[in-house]
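These are my notebook entries on a protein model.

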Amino acid sequence: YIYKEPKVTSLSEISERLHKQYRDKFLTDNVKILMDSAPVDQSTLDPKIAYIQVTHVTPYYCKDELEMRPTEFEQNHDVDTFMYETPFTPSGAAHGVVEDQWKRRTVLTTLHSFPYVLKRIPVRDRQSQELSPIEVAIDEMQTKIAELEEIVMGPIDLKKLQLRLQGSVAVTVNAGPLAYATAFLDPAKTINKKYPLDKVEDLKEVFRDFIKICYTVLQINANLISSDQREYHNALKENYENLCSALSDLLGEIVYPLDDGNNNAHRHSLALFSAISGAPTNSSTA
C-alpha cells in the first residue's frame, strides 16, 4: 500500500502506529517492523511472524510529464506513481566511496490516484532499476540542479537560497559535486577505468548546467543581501570561483557560465532579472 499522511508525519510515527495496530490484532510477539527498504529474502523470515516493511516514497514523474505539471497543485493531484531509492555497494554495505556507490530505484504504481476517498491505495505494479555509480553521479547532480532551479524560478527565499548555494559551491574533494567530478572525470584516476563514453559526456554536460545555475543563484544573492552579509557573499563567490577552476582542470576546458542562448540559460536570466527588479517570478514574463 501507499499511505497518504499529513506532511509533518515522520516515518517513525507511522511505523509505530502500524506496529501498534497489528500488535493489537496479532499479539505483541507476532509482529515485527522492517525499517530497511532493501529487498527482503522471504526465505529468511519466520512464517509465524507478521512483518511490516515501511519506507518513505515521493511522487515520480518522467521529465515530459513534469513539464506538463508546472504548479505544486498539479504535482500533488491525480498522482498514481511513486518511487523510493535504496543505496547499495558490491560489498553488501549500504554506503561506500562514490566509485562503488550504486542505487536501486523502485517505482510503484497504485490502483487509483491520490487524492482518493481512502488514505491508502494498493500497489498494482512495481518496477526496479539499478543505477551504476556514474549514473548515480548524474542523477544526484541533476537533482541538485533541479533544487537550485526551484529556488530561482519560485518565490525567492533568501535563507534557503544561501543554504543550497553554500552546499553546492563548497570545494570538498571527498563530498559534494566535486567528489563526483574527481571520481569520474579526472583523467589521472579514470585512465584505467572504462566508463561508458556517453555517460561521461552526460556528466560533463550536467556539470556545465550546474555551473550556470550556481552563477545565477550567486548573482541573485548579491542583489538581495544586506550590507552586513557582503563578506559572506564574497566567501561564496570565492568558493564558486575555486569550484570553476577545479572543474576546468577535470573537464579539460574552461568552465564559465556564459549564456549560450539555450532555454535554461534564458529562464535563469529572466529569474535573475525578476529578483533584481522585484517582479514576481511566476508572472507572465517568466
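**Entry 1: A residue at the surface**

I looked up V117 and recorded it as exposed, because its relative accessible area is 74%, and exposed means over 50%. I note that the model is a predicted one. I then located V117 in the loop between β6 (102-114) and β7 (120-121). Together with Y116 and L118, V117 makes a nonpolar surface patch of about 330 Å².

I set beside this a general remark: in soluble globular proteins, nonpolar side chains tend to be buried together.

**Entry 2: The largest nonpolar core**

Which residues touch the most other members of the largest nonpolar core? I found L203, F207, F210 and L247, out of 37 residues in that core. I listed the elements that give two or more residues to this core: α4 (133-153), α5 (158-169), α6 (177-185), α8 (197-224) and α9 (230-251). Helix α8 gives the most, with 11 residues.

I next looked up the contacts of F207. Not counting residues up to four places away in sequence, F207 touches M141, P177, Y180, A181, L185 and L247.

**Entry 3: A histidine in a helix**

Is H233 buried or exposed? I recorded H233 as buried, because its relative accessible area is 5%, and buried means under 20%. I found H233 in helix α9. Leaving aside neighbours within four places in sequence, I listed L218, N221, A222 and I225 as the residues in contact with H233.

Key
Residues are numbered from 1 along each chain as its sequence is written. This is a predicted model: local features need pLDDT of at least 70, side-chain atom pairs count only at pLDDT 80 or more; totals for chains, interfaces and linings use all residues. Side-chain values use heavy atoms; hydrogens and water are left out. Patches are made of residues with over 30% relative accessible area and no salt bridge: like charges are joined within 9 Å, nonpolar side chains (Val, Leu, Ile, Met, Phe, Trp, Tyr) within 5 Å. Accessible areas come from the Shrake-Rupley method with a 1.4 Å probe; for residues, only the protein chains shown count as cover. A salt bridge is a side-chain nitrogen of Lys or Arg within 4 Å of a carboxyl oxygen of Asp or Glu. Helices (H or I, at least four residues) and strands (E, at least two) are DSSP runs, numbered from the N terminus. Buried means under 20% relative accessible area, exposed over 50%, partly exposed in between (1.4 Å probe, protein chains only). A nonpolar core is a set of buried Ala, Val, Leu, Ile, Met, Phe, Trp, Tyr and Cys residues joined through side-chain atoms within 4.5 Å. Contact means heavy atoms within 4.5 Å.
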